[in-house]
Amino acid sequence: MRLRRLALFPGVALLLAAARLAAASDVLELTDDNFESRISDTGSAGLMLVEFFAPWCGHCKRLAPEYEAAATRLKGIVPLAKVDCTANTNTCNKYGVSGYPTLKIFRDGEEAGAYDGPRTAGVSSYFVLHISLTSLRTRLWHIQSKK
């Protein structure tokens with residue numbers, strides 16, 4: 001009976017499905033109010049990737065599904081976050097954002113640099129490789145420092 005009622009109102013069913021998807025996002029939403037406290041909530045790698053975007057930006061809209069997929073694949077390893085620069089100008093100005101989307105890597109709560117890897121499905125692969133190389137460098141440094 002309920003399915004028949006939803007069939008009569010396909011727009012309502014579509015809105016409900018969209019609301020469920022939006023609620024299930026693995027991308028953290030940061031604001032001027034919570035940026036400083038949340039940027040330190042890094043995963044096991046001590047990194048966070050932050051997208052500074054504008055809702056009207058075409059490149060940002062194209063990046064969104066890839067970024068969401070990467071956030072899901074990297075959940076618990078490297079958190080991915082986003083900041084809407086039209087609503088959070090203080091944070092975007094502080095980090096020198098002048099174009100969209102701007103992607104920045106944060107390490108242990110501090111800006112570590114611009115993200116220069118792929119902006120497609122390769123985002124998660126890039127981070128897995130980056131984390132692996134960082135871990136390898138750290139291990140080699142510890143081995144050499146013991147000599």
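Y95 is buried in this predicted model. Its relative accessible area is 11%, and buried means under 20%. Y95 sits in the loop between α5 (89-94) and β4. From there, Y95 forms an aromatic pair with F52.

**The aromatic cluster**

- A search of the whole structure finds six aromatic pairs.
- One of them joins F35 and F52. This pair is tilted, with 40 degrees between the planes and 6.3 Å from centre to centre.
- F35 belongs to helix α3 (residues 35-38) and F52 to strand β2, so their pair ties together parts 17 residues apart in sequence.
- Both F35 and F52 are buried. F52 counts as buried because its relative accessibility is 0%.
- The pair of F52 and Y95 is tilted as well. Its ring centres are 6.2 Å apart, and the planes make 35 degrees.
- F52 lies in strand β2 and Y95 in the loop between α5 and β4, so this pair ties together parts that are 43 residues apart in sequence.
- Ring pairs link F35, F52, Y95 and F106 into a cluster.

**The sheet**

- Five strands form an open sheet with mixed pairing. Their order is β1-β3-β2-β4-β5.
- The edge strands are β1 (28-30) and β5 (110-114). Each of these pairs on one side only.
- From one strand to the next, the twist averages 35 degrees.
- Strands of a sheet pair through backbone hydrogen bonds, either parallel or antiparallel.
- β4 (residues 102-107) pairs with β5 in the antiparallel sense. Four bridges join these two strands.
- R107 has its bridge partner in β5: E110.

**A helix across the sheet**

**The chain as a whole**

- The chain has six helices and five strands.
- Along the sequence, these elements follow the pattern α-α-β-α-β-α-β-α-β-β-α.
- The chain has 147 residues, and 33% of them count as buried.
- Among contacts with a separation of 6 or more, 70% come from residues 24 or more positions apart.

Technical notes. Residues are numbered from 1 along each chain as its sequence is written. This is a predicted model: local features need pLDDT of at least 70, side-chain atom pairs count only at pLDDT 80 or more; totals for chains, interfaces and linings use all residues. Side-chain values use heavy atoms; hydrogens and water are left out. Two strands pair if DSSP finds at least two bridges between them. Axes are lines fitted to C-alpha atoms, for helices over the stretch in contact, and angles run from 0 to 180 degrees between N-to-C directions. Rings of Phe, Tyr and Trp (its six-membered ring) pair if their centres lie within 6.5 Å; planes under 30 degrees apart count as stacked, over 60 as edge-to-face and the rest as tilted. Buried means under 20% relative accessible area, exposed over 50%, partly exposed in between (1.4 Å probe, protein chains only). Contact means heavy atoms within 4.5 Å.
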